[in-house]
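Trainee: I would like to go through a model and learn how to read its features. Please begin with the overall picture and then move to single elements.

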Amino acid sequence: MTTSVSEKKPRLTTSAMIASIASEDQRVRAAPFGKALVAYAADHPEIVGLTADLAKYTDLHLFAQAYPERFYQMGMAEQLLMAAAGGMAKEGLIPFATTYAAFGTRRAYDFIHQVIAEEHLNVKICCALPGLTTGYGPSHAAIEDLAMMRGMPGITIVDPSDALDIEQAVPAIARHTGPVYMRLLRGNVPIVLDDVKGYQFELGKAKLLRDGSDVLIISSGLMTMRALEVAQALSADKIDVAVLHSPTIKPLDEQTIVDHVRSKSRCVVVAENHSVIGGLGEAVASALLRHRVSPARFELAGLPDTFLDAGALPTLHDRYGISRDALAARIKSWLK
């Protein structure tokens with residue numbers, strides 16, 4: 001980045017607290033969730049969309065424009081949002097309910113539990129700003145959403161990596177019978193998985209994106225993008241990094257994970273945009289323990305068990321170890 005660009009775009013600005021996670025020169029696709037839902041709903045009139053005053057900020061506004069008679073604005077009332085979605089599902093509809101992850105889980109947990117999950121209703125809960133994708137601090141940073149939702153019986157949990165993953169995940173979760181919680185990247189979402197030959201999202205399946213003999217990174221969500229960046233960066237230091245993408249957190253593809261951990265003696269790192277408490281890292285650790293698999297070394301590269309600071313996202317990603325450079329440095333230190 002040149003000095004002139006730095007002067008025009010200082011790191012600590014209000015916009016940097018809510019900016020896209022894409023770098024300046026990265027390919028992106030605008031509103032992949034909204035566009036994918038509009039496309040799928042064209043041939044599926046049972047699809048309806050609901051939101052809690054956040055259509056524009058979850059990309060559901062595209063669905064509202066395309067199908068205004070199938071769109072419901074519930075206002076800032078997340079509990080009502082989930083209850084209404086459950087009621088619509090009981091009538092045979094397939095509701096896609098959107099809000100921010102912090103609000104959809106922390107504010108509405110009991111309603112999801114009692115109204116949706118207990119009756120195994122066909123509701124798709126799609127929540128933006130997962131983990132550290134907002135700089136607004138503890139009120140908005142949903143760093144514990146996976147831990148909360150993993151503890152709820154019968155719910156499928158999805159954490160897509162990029163625009164392609166989201167576009168393929170939308171019809172997959174729509175076809176799946178039962179409640180789904182999907183972490184949602186919104187706005188201008190990076191495109192990275194189209195560089196992986198033959199990649200296809202499959203619900204419940206982990207996919208090896210690249211192989212390597214020194215380190216195996218198991219990741220989900222935006223951390224799969226980071227893992228691929230780190231693998232490329234570390235190759236200059238003759239460190240060979242494999243990346244196993246696990247977009248489905250529950251049910252976890254334990255067999256694929258176990259097979260890849262068992263196949264080579266190497267450092268295993270679980271990278272996630274979530275607290276180290278209760279997320280993908282602990283799910284993988286539990287699976288390895290139960291399958292009696294012991295990697296050469298096992299490390300969690302997640303967010304710390306603390307209330308995170310507010311600030312610009314690039315600064316916070318560096319501070320909490322999930323930027324490309326910070327993750328690469330962590331891995332190099334573990335290899336030493």
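Predicted model: local features only at pLDDT ≥ 70, side-chain atom pairs only at ≥ 80, totals over all residues.

Trainee: How many helices and strands does the chain have?

Mentor: Helices (H or I, at least four residues) and strands (E, at least two) are DSSP runs numbered from the N terminus. The chain has 13 helices and 14 strands.

Trainee: What does the radius of gyration say about the chain?

Mentor: The radius is taken over C-alpha atoms, and the globule rule is 2.2 Å times the number of residues to the power 0.38. For 336 residues a compact globule would have a value near 20 Å, and the 19 Å of the chain agrees with that. The C-alpha atoms fill a box of roughly 60 × 55 × 40 Å along the principal axes.

Trainee: What share of the residues is buried?

Mentor: Buried means under 20% relative accessible area, exposed over 50%, and partly exposed in between (1.4 Å probe, protein chains only). Buried residues make up 56% of the 336 in the chain.

Trainee: How should I read the two faces of strand 10?

Mentor: In a regular strand the side chains alternate between the two faces of the sheet. In strand 10, Val215, Ile217 and Ser219 on one side and Leu216 and Ile218 on the other are all buried. Because 5 of the 5 residues of strand 10 (residues 215–219) are buried, this strand is largely enclosed by the rest of the structure.

Trainee: In which sense do strand 10 and strand 11 pair?

Mentor: Two strands pair if DSSP finds at least two bridges between them. Strand 10 and strand 11 (residues 241–245) pair in the parallel sense over 5 bridges, and Leu216 has Ala242 of strand 11 as its bridge partner.

Trainee: Which residues of helix 10 are buried?

Mentor: An α-helix has 3.6 residues a turn, so residues three or four places apart point the same way. In helix 10 (residues 254–263), the buried residues include Ile257, Val258, His260 and Val261. Elements against which the buried residues of helix 10 pack (contact: heavy atoms within 4.5 Å) include strand 10, strand 11 and helix 11 (280–290).

Trainee: Where does Gln114 lie?

Mentor: Gln114 lies in helix 6 (residues 109–117) and is partly exposed, with a relative accessible area of 39%.

Terms used:
Residues numbered from 1 in each chain as written. Heavy atoms only, no water.
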